[in-house]
Amino acid sequence: MGAAVAGWTVAAVLLQVAGLSLFLYGFFPVKPTLRGFSGAESYRMPSCRPLSAGELEPTLPPDQLGSLYRELSGIPPVYDRLVLMVFPELIFMFIWFSSIVQYVLVVDGLPAEFVLGRGRKPPSKEMMESMPYTQSLLAGCKATAYHAKAAPPTVTMPRLKAMVSGAIGGFLDVAFNFNTQAFLEDNLLDQLHMIGRKLVMLGDETWIKLFPTLFVRQDGVSSFYVKDTVEVDFNVSRHLEFELAAKDWSVLVLHYLGLDHVGHIGGRQSALMTQKMKEMDDVIRRVHTASLQDNLGRTLLVVVSDHGMTEGGNHGGSSYEETDSLALFIGHSAESPYCSPYDQNEALQVDLAPTLALLLGIPIPKNNIGVLLPELFNSLTEHQKLRALELNSWQILRLLQAQVPAVCLQDCINLEDTRGFDDLPESIEKKLCHLLSKAFSSHQSSHLHRGSDFKSAEAGYFGTAVDNYYGFLRYASEWLSHRATDKPLYLLISAILLMTMSCLLLMGTASCLFKKQSPSQAGNHSESNLDQGWQLDEVFILTGIFLYVISLGSSSFVEEEQYTWHFLTSTLYLIFLIKTVQSMLKVSNSTLVHRAEGKSFDRNNLTYATSHELTPVKRDGYKLCTALIVLVAGRVIRAWHQGGINWVHFPDISKLLSQADSSIVKSLQIISVLAAVVLYSVSLMSLRTRPKFVIWVWLSHISCGLLVLLHIWENQIDASLPINHSTTSIAQLFYAIASVSISVTVLASPWIFPIYSTDAEPTVSYGSCPVKHIHGISNSVFLTGITYTAFWCLLQLFLQKPINAIPLLLIFLQTVSSVVHFSLDKALYKQWVQVVAMQFLAMAGHFGLGNTNSLATIDVAGAFIGISSYSTVLSGILMFIITYGSPLMLYLGMVLYVSMKDSDDMCTPQHFQWSYILENMVMLPCLLPLLINSVALTAYTLVLLLMRNHLFVWSVFSPKYLYVCAATVCTYVGVFIVAMTGVYSCAVFSFRARSYRNKSL
Amino acid sequence: MNRNNFFCYASALVLVPHVDDALRHGEISELINPNVQCKQDKHHRLVQNGSVNLSGLHLLRIPAAPHRARLVFRNLPKREPAMRAEVTQISALTAAAAHALCFAGLAAGHALAGRGALISNPALALRLLVVCEAPVVIAVFSYLRRDPGSCSFFKAAARGLIGLPIGALLNAFGAIVLGAPVGIKYWAATIYWSLLMSLFTFVPAACVFGASKVDWQNVLSHSIYFTPTDVENYMISAPCHGAVLGAWLGAWPMPLDWERPWQEWPICVTYGAIAGRLVGMAVSLVLIVVHKRSVRAKTD
């Protein structure tokens, strides 16, 4: 029976792991990105071999680098004379641009529809009137505008990244780089910085987070106060006068947030909207006038919006209204002799990157998938345009080679020679190859025909070359972007099927276990009042889990998950409190009856009285107290961190403390350490037999506590130094002592407790033996469990943020209290209710420590305590320990709970078998967490699949999915610890009992 | 009923409402588990005697001799049967009238506060609701007190008045543990809310039952929905459970980011509690009618 259950459980877990990894692979495609920055090599034709390190250019000072780029962009190796002649303007232009001023004006959330209208119709009259200057520029063909389609997570940061790098990032890129928000990929601003341009940024502080060191001057405004529509923009515009006069910069980024805020408050039709648009128009007028005064027209003004907005003013998703953003170029190269401003001029937002890169004379960022916008190169000659397209194609080809190594230019050309042009290629690689070689060969032929006198022929060749280039670029760009965002549905569904199967398997195993246990339980727990039918707590747990699973479908509830868990946990413990009161009422009732009946029979009550040495009144008092402790501690933990996303600015205790004096936090830390040590000592006191060994464990715990105190003290002395040598050595000493004492306790405790207690000699009656066995094993598991928990608490106090000290202590207290509460009246709740209650506590504690479902709250600083050299694995483990401190604490508490389990059940001789004891002790506490986790995981995976096109899939649901995955790992770890401890103790005791019996025989 | 069951389902609605009282007074000398057959036999015989209605109010554990089932009642006719009968036979009409009065109290409070007052000024609106509802609830349930012989109307009303702050304290504790804010600006609203909740949950039971442990146990448990019981139990428990459940469910929208004014504590919780209480009243009326009908069918 036991082996079968274990086998099925392991099978279910393996299925789950398989399904999970399949889903992760399918849902979060890891697209290979190119590291490093484009350099001079981007002006050469990509070769088939990957570049080795030796071929990299030496680093040059900024000025030389800039001139090198200029040179290279104009002089491809073969045609160096030609280029001097053909590309004079281009070279000249690039020289110009080295002193050029460029403005990037970002208007957060401005839909292109407002400026450009929709579907060839001009925008509505109010919109026209609210932006008179811009409309006059458009009508006068002085500006080129595009509907720039943004990629799905239409929120500011990913959009800015896409604009400056031309790449659409996968979700896991964000997850893997969560320890730094700075943007590390190749991008325009870094390239500009490298050639020595000065950058100035005013507006949304997201830019500063992305590029913390690039700007010579910056003034970030926070988009935190969404209600504010005036101040945010005033804070940007107030610098405008100064910056327009200063002129020492070459790129000025203005990021206005007000329009987005107006949208969030009142939606598209808000009364504030036209006013805001007028304000934006005024800014455009001011900047453009200033740039016109700067003669020669060397200034390019780009007005872009990072995303649009829905009718209600929200954004984040992939509807047309949200992805429809504006790209408006005002400058001499954007001018054209004739135009129709309200054409549906479609582009992609990522097209901005290569266009700007080439206009500014820097290499195209490596991971760019955008395509040049042709209208902006009107001032160049035809061959310069072809050269620009060639550069773009080379860059995209490099990116393609990183993803599909088979694509290679030389091979393509060779292939084409043998096959001819008209074959329709079947595979994607072949098709790309075909398009590429067509483009390059038409480019070459247009070169050859350049000298010819027939203007019309030249124009024809030029036209085909451009068309061929665009054919290749569009196709490659589309393919690359799909690779970044497409999800193979069949793979995902089969992954979910696997997970569902595992979930059902676990459910089946659990129900089988229940069926087996219920007859024995009905026999033993005759105390419980309504044996058949559901109890209130059981119904509540099932309803609560159901409600939780339902709530996962709502992004708000996922953002604010801590409320759900706190609410459910508190309700569950309130129900426990009510049941305790109820049982007290009942007990007093039945004592009355018993009195009336003359106390003739009450074996059960007698055994209670003897085995627990507690009067019923005292026991009831303890039961009430422990339930109350859990409830009150839970409320304090809840108030400690506000958490979540929407109400995070509400006051809470941690904010209060961080504003208060740091000595208060220190003293709270010290109090918690002392209390943890005291609690451990008190628990050890409750052991009925105390061998000398226990004292050693106790001493090591105290020394660990002293080390933590020392650590806290050291931190107080020099808080300025982040990495302190003595701190590191203290930490390493702590790790060493803790791990040694825990492993010694685990290994040794089954050996030291007597199998038979000293007062009752086992030789007299066989019947009394098993009870004593059980006491021995309970004592040893109890010691192991309490040692686990106490050391874990100290470790957490050591690693966590100082502010979390009290919540940690409270979680420890909750763990111990609920174990005591359950052990006081074993008949009051079913065993699975108790295990689930501890799971609920674990989740509430997890959020109580300040964790949320966004990756931002992961404590990275603590992950480097005690690590002398940088190691990703070690700090990753520490980060996991910190983040999952509370669930793991409750798993360790589960060991404690296992030891408290009713040993009186097993006193009948037929139950006295080690396998039976093991089953009874360990099976349920291991199976139930796995089951609950499996239900949550499967349900959430399904939710994620259904929500894959939802607004918040990247900002809310995906980070939460990472947490769910980590929680799965945490469950495995916890269950493994519980199971191994139980199995080891049982094995040792059975071995000792057998050898003892042999000896006595 | 399970033959192997260790419990005895026995109740004497008309004459022996409380088994522990009965035991104390020596009315029941022995309570032994009747299995299905003998219960029917007993039932039949006892009903013929016209004194005991076996319909399962209490569960008592009889550890000894589970198979020799016997019910022996002694001295039954001595305790004022007329008085008992009068009290316990609250008609469905009376119950409906009581509920209607309570509802009228709430409606009056709401009308006094005016439309939307609960949202704009929750403390004031809740205070008006409490002021209007409290006398009605105390008067109605004191009139319906369980032991009119030994306990006067005013004594029951006094029990209700004492019960009001105690119940408020318990409700406030529950609410705060479940996450109600404790800031100073919420104090007034929390106090009035918990007084109102006390009127919904604690006060009716205090007026009717006084300090009878068994009845309180019944109020706490959910077994009344599955086993037939007194009319009063239905009248008190169902609306009380409804109010608590409604308040609990009413708290769910609070963390959502809809930015509606009614998401504030304690507005939506109050709405939930009132709605839950109204549903509970309806449920209790239905239960009473069903119960009456089944009892009548049995006696016929």
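Visitor: Hi! How many bridges join strand β3 of chain A to β5(A), and do they run parallel or antiparallel?

Guide: Hello! Strand β3 (residues 199-204) of chain A is joined to β5(A) by 5 bridges, and the two run parallel. Two strands count as paired if DSSP finds at least two bridges between them. Strands here are DSSP runs of E with at least two residues, helices are runs of H or I with at least four, and numbering starts at the N terminus.

Visitor: What kind of model is this, and how are things numbered?

Guide: This is a predicted model, where local features need pLDDT of at least 70, side-chain atom pairs count only at pLDDT 80 or more, and totals for chains, interfaces and linings use all residues. Residues are numbered from 1 along each chain as its sequence is written, while chains are lettered from A and ligands numbered from 1 in the order in which they are written.

Visitor: Thanks. What is the mean pLDDT of chain A?

Guide: For chain A the mean pLDDT is 76, with 74% of its residues reaching 70 or more. pLDDT is the predictor's confidence in each residue, from 0 to 100. Residues 596-612 of chain A have pLDDT below 50, and that stretch has 9 contacts in the model beyond near neighbours in sequence. A contact means that two C-beta atoms, placed from the backbone, lie within 7 Å. Residues 718-722 of chain A are also below 50, with 1 contact beyond near neighbours in sequence.

Visitor: Back to β5(A). Which partner does Leu202(A) have there?

Guide: The bridge partner of Leu202(A) in β5(A) is Leu254(A).

Visitor: And how many residues of β5(A) are buried?

Guide: In β5 (residues 251-256) of chain A, 6 of its 6 residues are buried. Buried means 20 or more other C-beta atoms within 10 Å of the residue's own, exposed means 12 or fewer, and partly exposed is in between, with C-beta atoms placed from the backbone. Val251(A), Val253(A) and His255(A) point one way from the strand, Leu252(A), Leu254(A) and Tyr256(A) point the other way, and all are buried. In a regular strand, side chains alternate between the two faces of the sheet.

Visitor: What does Trp207(A) touch?

Guide: Leaving out residues up to four places away in sequence, Trp207(A) touches Leu160(A), Met201(A), Val253(A) and His255(A). Trp207(A) lies in helix α11 (residues 206-210) of chain A. Trp207(A) counts as buried because 26 other C-beta atoms lie within 10 Å.

Visitor: Which strands pair with β2(A)?

Guide: Strand β7 (residues 324-330) of chain A pairs with β2(A) in the antiparallel sense over 7 bridges, and strand β8 (residues 346-348) of chain A pairs with β2(A) in the parallel sense over 3 bridges. Ala148(A) has Ser325(A) as its bridge partner in β7(A), and His147(A) has Glu346(A) in β8(A). β2 (residues 143-149) of chain A is mostly covered, with 6 of its 7 residues buried.

Visitor: Switching to chain B: how many helices and strands?

Guide: Chain B has 11 helices and 4 strands, and 42% of its 300 residues are buried.

Visitor: Where does α8(B) bend?

Guide: The bend in α8(B) is about 50°, at Leu199(B); a bend is the angle between axes fitted to the seven residues ending there and the seven starting there. Of its 23 residues, 20 are buried. Just after α8(B), Gly210(B) has a positive phi of about 65°.

Visitor: Last one: which residues touch the most other members of the largest nonpolar core?

Guide: In that core of 199 residues, they are Ala676(A), Leu794(A), Leu927(A) and Leu196(B). A nonpolar core is a set of buried Ala, Val, Leu, Ile, Met, Phe, Trp, Tyr and Cys residues joined through C-beta atoms within 7 Å. Helix α37 (residues 914-946) of chain A gives the largest share of this core, 18 residues.
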